[in-house]
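Here is a short briefing on pockets and salt bridges. Look at the structure first, then read on.

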Amino acid sequence: MKKIIIAIDGYSSGGKSTFAKAVAAKLGYIFIDTGAMYRAVTLYAMRQGIADDPAAITAALPGIRIDFRFNPQTGRSDVYLNGENVETEIRRIDVSNRVSSVSSIPEVRAKLVAMQQEMGRAKGVVMDGRDIGTVVFPDAELKIFMTADSRVRAERRYKELTAKGETVSMEEIERNIRERDRQDETRGVSPLRRAADAVLLDNSRMTVEQQMEWIDEQLERFE
């Protein structure tokens, strides 16, 4: 199969990253978690006390460096912010509560979109996010739009966070998910929407195995 770009867009906590990682591993492709990049910028802004100041965040962008490094212990790539592994910190609920507002800043999106396009220039990548098929790679060979019931997404996120030892409530998580959906769909720059040529994947009631069977069917046309 020739190398292609696989663009996966969809709602928060819909299982995009888990699915994208599995697809990348199956094909021997590079996985790029764009959501983690926006989370890293959000974490930086929070640490600097400027998370509510778009002008200050924009001014700080030249000093923000984000890269992915393979972690042999997990078999996955971790996110590094200015040389520091922040993979765990960026997944906290307080970062989740702020990432949509930070990622809606036009200058932030412009900087990260340019980084993402450079990362995928050679193809052979699986990239997930909110605007991959519509903005970052509108010519991607395979576009997938993932969705799932908001309650199902909240349950998945709750299990993930409590497994890491965080004290959170289902109500808080579901509220966060609904608010992020609203912000992602209504922001002025690169709103979340399904590309006209994207294939819909509703995984509300699907196992990981069933999702992998589904992607096999989608990939048949590229063989």
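A salt bridge is a side-chain nitrogen of Lys or Arg within 4 Å of a carboxyl oxygen of Asp or Glu. This is a predicted model: local features need pLDDT of at least 70, side-chain atom pairs count only at pLDDT 80 or more, and totals for chains, interfaces and linings use all residues. Residues are numbered from 1 along each chain as its sequence is written, and side-chain values use heavy atoms, with hydrogens and water left out.

**Salt bridges**

- The count comes to 22 salt bridges.
- Arg47, Glu84, Glu89, Arg92 and Asp94 are linked in a network of them.
- Within that network, Arg92 pairs with Glu89 at 3.1 Å, N to O.
- Arg92 also forms a salt bridge with Asp94, where the closest N and O atoms are 2.9 Å apart.
- Glu89 is partly exposed, at 25% relative accessible area (buried means under 20%, exposed over 50%, partly exposed in between, with a 1.4 Å probe and protein chains only).
- Arg92 is partly exposed at 25%, and Asp94 is partly exposed at 29%.

**A link across the sequence**

- Lys26 forms a salt bridge with Asp216, with 3.0 Å between the closest N and O atoms.
- Lys26 lies in helix H1 and Asp216 in helix H9 (residues 208-219), so the pair ties together parts that are 190 residues apart in sequence.
- Helices (H or I, at least four residues) and strands (E, at least two) are DSSP runs, numbered from the N terminus.
- Lys26 is partly exposed at 45%, and Asp216 is partly exposed at 33%.

**The largest pocket**

- A pocket is an open set of points on a 1 Å grid over the protein atoms alone, where a 1.4 Å probe fits, with protein on both sides within 12 Å along at least five of seven lines.
- Lining residues have an atom within 4 Å of a point.
- The largest pocket holds about 1,200 Å³ of space; a volume is the space filled by probe spheres set on the points.
- Its lining has 48 residues, and Gly15, Lys16, Ser17, Thr18 and Glu160 lie nearest the centre.
- Helix H1 (residues 16-27) gives the most to this lining, with six residues.
- By class, the lining has nine nonpolar, 19 polar and 20 charged residues.
- Ala, Val, Leu, Ile, Met, Phe, Trp, Tyr, Cys and Pro count as nonpolar, Asp, Glu, Lys and Arg as charged, and the others, Gly among them, as polar.

**The second largest pocket**

- The second largest pocket has a volume of about 180 Å³.
- Its lining includes Lys21, Phe31, Phe70 and Arg76.
- H1 gives the most here too, with three residues.
- Five nonpolar, three polar and two charged residues line the second largest pocket.
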